Amino acid sequence: MTDKKPLLEARQVFKGFFGNPVLKGVDIALHPGRVHALLGENGAGKSTLINLLSGALQPDSGAIAVDGRPVGRFSPATARAAGIAVVQQELSLTADLSIAENIGLGAFPRRFGLIDYAALHRGVREVCAMVGLTEPLDMPVADLALGRRQMVEIAKALFRKPRVLILDEPTSSLSAHEAGILAGVIEMLRDRGTALLYISHRLNEVQALCAHVTVLKDGGVTADQSLSGIDGEGLVRLMVGRETGDLFPPRPACTPGAPRVDVTGFSAGLVRDIAFSARAGEIVGIGGLVGQGQEDLLLGLYGAIPAKASSAEVSGKSGLPADVGAANAAGLVYVPADRKHEGLVLPHSIASNLILPSLGRLARNGFRDRPAETGLIADLARRLTIKGDVARPVQALSGGNQQKVALAKWLPLDPSVLLLNDPTRGVDIETKREIYLMLRAFAAEGRLIILASSDTPELVHLCDRVVVLREGHVAATLVGDAISEEAIVGAAMGVDRKGAAA
Amino acid sequence: MKAVKSLFRNPPLLTLVLVALVWLVAGLTLSGFGAYGHLRYLLELAAVIGIAAAGQTLVILMGGIDLSVGAVITVTAILVPLISPAWDPTGLVGVALALTIATGIGFLNGAGAAYLRVPPIIMTLAMATFLQGLLVVVAGGSAVTVSNPAVLLLGQARPLGVPAGILLWLVVSAAVLLIIHRMPIGARFLALGANPLAARLSGVSVARNTLILYALSGFFAGLAGILVLGMNRQGYVGIGDPYLLTSIAAVVLGGTSILGGRGTYAGTIPGAILLVTTTALITVVNASPGWRSIMFGTLILSLLLVSGREARR
């Protein structure tokens, strides 16, 4: 199967930024008809390697070879001409353009110098059918949920009929159903002879789809081998370079305390008239397909979007918090899914981000107490093992460390309810483990954790109780042994199953 | 080389060095430029811009803009002579009233931006237009002469040879630097300017801070208006007009990002001095007013390019 010539290769590429070497002599070869996995923790150099392979960056030394021939100046245009397409992790769509225009952007069929919309729609309809996009083609992308936008992104790559397709964490915002469709598309492309590079933090996907793996660690290749006969444990060993314990901490018998959140007739955004309650010391998971109201449930409880309830008791106070300030005062905190846009002030320092919610509490006579602030920041950085100079801008950190900052900034408030929205999206496996351990410890301290997640294993193994939302309603509440991937996915898709006692 | 590089990363210092260079070269080549009296006069002019730009700096740090600065200066300059009560020998009551009105105008700007969700650029521009119309109706076209003793003292007194306006600027500078760098509210303004959504979800109240900010901007514009009035002894419609653009230019010359979230008043101070120096140098050149404006505009643009202000993000 792999005796053919590789379509795209990197040969001993080196790349550094501002004197920091990121890639130190990396080889990778993408063969036609094979799904190649690229694994590595955040900061290992995966994104840089992708940028080299797609011509977005030039290697400092080493070469990129197409069809076995090294290419001198490999630019994005050359890459496109060679049939290389990338599905970026950061969505690169233009929100105001329609689905069809986004998919065709840069490759519009023309007639008399104008866009030939009829031809465009024909081509677009074909790729949309492949990825299961049924929305009208002239719908603006802004009106789509995050998961659907990701499908548009994938369709956009397919529209160019690529010979080499690079997928950078394509499933991080997809529901299980959409991820299934994507897996089908990948298998079809593979059988047609496309070379695929698949980057994901979800090891079960890698095992299911990929035939070969390259593992990066600290800018070097630590493994380049066939995946046959390697199980999940083995993959983790390859990535981390040592034995890891279980990803998820043991789940102690849950002994919930006093009710912390108790709402009935609750509506906010997509959420329609639901009852929801949770007690101190619980980790409650919120599952479902992407965009079924999970985020709105959290934001509504947090006072960040208008919400109403026929009866509500939140953190010992009756009524919903009027705004974010009131929610914070009541001991509720929120960690958003989109940490770059909602969670952090990216250009500002790690220190300013950590101190932002505590500014008022630490102030004395209206002025900031610098020594107290410095002490608190150092303490937070130590507790969450955020390494290095806290005066650096937070955007210099890797995804996992950014997430730690987004979480750590709330600790000084001693929150009693933590609302977390997909806290491990795009986070490497080691940091994931740290976060899971931390959440367990929080629950043991008697805090309530409400965790919306698109990562089903996380819901299954971390949560004491899982509430599955579907079209803004509670589709199922799963407790204890009834929590399983099948039950969650089944309830999310509206399939009745045993054990899904509502 | 390293020192030069770090200089370019510190816009306030860079602007200060630029001012020093211009003063040095001009002082050596132009007779009269380096005289103590002339430099003092430049600083006195810069004080008005600097005080008007104090509020503007805060507003721009939070990602907004205040286009009513000029109109508020005019309003205070015309109102003080009209509303100063005759029974008050100090004149402080009139000053306090005018400052309250100026702060109130700023507060209305903030309310429009915070509650009606009118973009600040529209809200403050509409406010400026409204105020100008109101002034024409109330004051007519004629200039009003000030007899308020407090205002005259501020505009004319020179304790120990230092004009009172410069002293006022020093106090304002200290206050604004404290707000930005030593008070929680300053850190909140910056966070709101860099990422309003993340700041809001971190518990920073957008409405509250917007109200405070535009009220402060109104207050400082009012202060600048009183100083201008004291220096001119007369208030007239249009007296504040030159200070709208100069207040914004001083902020941007000082290295504060026009997009918000990054910068400091420490840059605005040399920015204001650089502006009046440039104006003075252009006046020395014997040119018609049209050409002076063209030269002024070109110079500001090139100054901005030299210092490479808007760092690529």
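Predicted model: local features only at pLDDT ≥ 70, side-chain atom pairs only at ≥ 80, totals over all residues.
1. Two packed helices are described by the angle between their axes and the distance between the axes. In chain B, helix H4 (residues 69-83) and helix H11 (residues 206-232) pack with their axes 7 Å apart and at an angle of about 50°, which makes H4(B) oblique to H11(B). The crossing in which H4(B) passes H11(B) is right-handed.

2. The residues that form this contact can be followed along both helices. From H4(B) come Val69(B), Val72(B), Ile73(B), Thr74(B), Val75(B), Thr76(B), Ala77(B) and Val80(B), and they meet Gly218(B), Ala221(B), Gly222(B), Ala224(B), Gly225(B), Ile226(B), Val228(B) and Leu229(B) of H11(B).

3. Helix H3 (residues 36-61) of chain B packs on helix H12 (residues 242-253) of chain B at an angle of about 65°, with the axes 8 Å apart, and the crossing of H3(B) and H12(B) is right-handed. On the side of H3(B) the contact includes Val48(B), Ile49(B) and Gln56(B), while on the side of H12(B) it includes Tyr243(B), Ile248(B) and Val251(B). The contact of H3(B) with H12(B) is made up of nine nonpolar and five polar residues, and no charged ones.

4. The largest nonpolar core holds 248 residues, and those that touch the most other members are Ala155(A), Leu419(A), Ile450(A), Ile51(B), Ala52(B), Ala224(B) and Leu227(B). The element that gives the most to this core is H11(B), with 16 residues. For Ile450(A), once its neighbours within four places in sequence are left aside, the contacts are Ala278(A), Val284(A), Ile286(A), Leu298(A), Val417(A), Leu419(A) and Leu420(A).

5. Where the two chains touch, chain A provides 23 residues and chain B provides 18 residues. On the side of chain A that touches chain B, the elements giving two or more residues are helix H10 (324-329), helix H11 (339-343) and helix H13 (359-362) of chain A. The residues on that side of chain A divide into 13 nonpolar, eight polar and two charged.

6. Helix H1 (residues 46-53) of chain A has seven of its eight residues buried, namely Lys46(A), Ser47(A), Thr48(A), Leu49(A), Ile50(A), Leu52(A) and Leu53(A); just after H1(A), Gly55(A) takes a positive phi of about 80°. Helix H18 (residues 485-492) of chain A is largely enclosed by the rest of the structure, because six of its eight residues are buried. The buried residues of H18(A), among them Ile488(A) and Val489(A), pack against helix H6 (176-192), strand S15 (283-287), helix H17 (456-462), strand S22 (465-470) and strand S23 (473-479) of chain A.

7. Lys161(A) lies in the loop between helix H5 (146-159) and strand S9 (164-168) of chain A. This residue counts as partly exposed because 14 C-beta neighbours lie inside 10 Å, whereas a buried residue would need 20 or more. From Lys161(A) to Leu439(A) there are 278 residues in sequence and 44 Å in space, taken from C-alpha to C-alpha.

Technical notes
Residues numbered from 1 in each chain as written. Chains lettered and ligands numbered in written order. Axes fitted to C-alpha atoms, helices over the stretch in contact; angles between N-to-C directions. Helix = DSSP H or I, 4+ residues; strand = E, 2+ residues; numbered from the N terminus. Parallel < 35°, antiparallel > 145°, perpendicular 65-115°, else oblique. Left-handed = near helix turned anticlockwise from the far one by under 90°. Contact = placed C-beta atoms within 7 Å. Nonpolar A, V, L, I, M, F, W, Y, C, P; charged D, E, K, R; others polar. Core = buried A, V, L, I, M, F, W, Y, C linked by C-beta atoms within 7 Å. Buried ≥ 20, exposed ≤ 12 C-beta atoms within 10 Å, placed from the backbone.
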